[in-house]
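Let's take a walk through this one together.

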Amino acid sequence: MCTALELTTKDHYFGRNLDLELSYGERVVVTPRNFPITYREMPTQSSHYAIIGMATVADGYPLYYDGTNEKGLSMAGLNFPGNAVYFPHAEGKDNVTPFEFVPWILGQCATVAEARTLLDRINLVDINFSEQLPLSPLHWMISDATQTIVVESMADGLHVHDNPVGVMTNNPPFDYQLWNLNNYMSLTKEQPETRFADGFKADRYSRGMGSIGLPGGLDSASRFVKVAFTRMNSVCADDEMSSVAQFFHILGSVYQQTGLCKLGENSYEYTIYTSCVNTTKGIYYYRTYGNSQINAIDMHHEDLDGSALSEFPLADKESINWQN
């Protein structure tokens with residue numbers, strides 16, 4: 001399971017937690033403008049926007065978990081089991097496999113508005129990358145500096161939802177997740193007033209009592225509410241370090257520690273990495289479960305007119321800054 005987030009201070013930021021039980025060798029990958037992106041049922045893109053993001057590279061192909069292009073458009077795929085449905089080839093449509101979806105959108109679109117135009121023609125086709133790497137059931141969040149949408153391919157077709165809260169998790173479908181926020185309308189960042197009963201005087205014995213009832217579970221519905229409340233009440237300075245730190249703090253509110261979500265014998269889901277991209281500047285920040293230091297890669301330090309992928313293995317060893 002995972003959580004995606006977008007946030008605007010002076011610049012725009014986009015990122016996610018990847019919560020899984022094992023790593024697939026993911027790394028930060030820069031796809032330059034002239035790297036040929038091949039598609040199973042669509043023409044190869046020999047020229048496109050440059051992309052930076054987290055990916056597993058299989059047979060030389062970047063399988064992006066999340067990415068941002070040089071124009072500032074971002075996209076992330078999150079687990080959506082039991083609801084995601086992909087389809088056979090459809091005549092008259094752009095037949096794109098889910099593992100090609102991120103480069104298909106980010107390679108061609110500079111804005112969410114342009115992405116919507118492509119989405120009108122798309123058919124997410126049921127073709128595995130390989131026998132060893134079958135398709136994952138996903139839905140996607142797409143964001144630029146002015147708007148965010150969620151894309152869900154379900155049994156009754158493709159759904160495109162406006163996302164006014166800048167957050168996405170997993171099941172249930174996004175329209176329910178958004179509606180569910182109605183159940184938490186009484187939450188407040190302020191110290192609450194007594195409404196228990198007329199004439200009853202309650203004791204505000206602690207700070208933060210306006211957040212009583214805010215979910216704290218690891219399930220996707222709880223994480224959606226927790227991050228939406230945290231993001232929408234977030235306050236931070238607009239300089240780069242303050243913005244990046246605040247972004248990591250917001251996603252840290254739903255960070256998953258090993259041992260809390262057991263999947264099988266000696267198998268636990270945990271937050272493998274957290275990312276935060278300054279989409280305005282093209283800087284990809286991340287930290288991993290094994291390395292809480294914030295690491296950064298600037299896509300503009302790479303040859304964006306090149307034709308070869310740039311790959312950056314993740315820093316995954318903790319270090320301690322001794323000060324005595």
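Below we look at a sheet, then some aromatic pairs, then a helix. Keep in mind that this is a predicted model.

For a worked example, zoom in on β5 (residues 61–69) and β6 (residues 74–79), which pair in the antiparallel sense over three bridges. Along this pairing, Gly67 sits opposite Met75 in β6.

Now for the rings. How many aromatic pairs are there? The count comes to eleven, taking rings whose centres lie within 6.5 Å. One of them is Phe99 with Phe129, an edge-to-face pair at 5.1 Å centre to centre, with 90° between the planes. The two come from distant parts of the chain, 30 residues apart: Phe99 is in the loop between β7 (94–96) and α1 (101–106), while Phe129 is in the loop between β8 (122–124) and β9 (138–143). Phe99 has 12% relative accessibility, so it counts as buried, and Phe129, at 12%, counts as buried too.

Another pair to find is Tyr255 with Tyr289. Their ring centres are 6.0 Å apart and their planes are at 10°, which is under the 30 degrees cut-off, so this pair is stacked. Tyr255 lies in the loop between α5 (240–252) and β13 (262–264), and Tyr289 in the loop between β16 (283–288) and β17 (291–298), so the pair ties together parts that are 34 residues apart in sequence. Are these two buried or partly exposed? Tyr255 is buried, with a relative accessible area of 19%, whereas Tyr289, at 32%, counts as partly exposed.

Last stop: helix α4 (residues 220–232). Its 13 residues reach 18 Å from the first C-alpha to the last, close to the 18 Å expected at 1.5 Å a residue. Its buried residues include Phe224, Val225, Val227, Ala228 and Phe229, and also Arg223 and Arg231. The buried residues of α4 pack against β1 (2–8), β2 (12–20), β12 (167–168), α3 (174–180) and α5.

How values were computed: Residues are numbered from 1 along each chain as its sequence is written. This is a predicted model: local features need pLDDT of at least 70, side-chain atom pairs count only at pLDDT 80 or more; totals for chains, interfaces and linings use all residues. Side-chain values use heavy atoms; hydrogens and water are left out. Two strands pair if DSSP finds at least two bridges between them. Helices (H or I, at least four residues) and strands (E, at least two) are DSSP runs, numbered from the N terminus. Rings of Phe, Tyr and Trp (its six-membered ring) pair if their centres lie within 6.5 Å; planes under 30 degrees apart count as stacked, over 60 as edge-to-face and the rest as tilted. Buried means under 20% relative accessible area, exposed over 50%, partly exposed in between (1.4 Å probe, protein chains only). The expected span of a helix is 1.5 Å times one less than its number of residues. Contact means heavy atoms within 4.5 Å.
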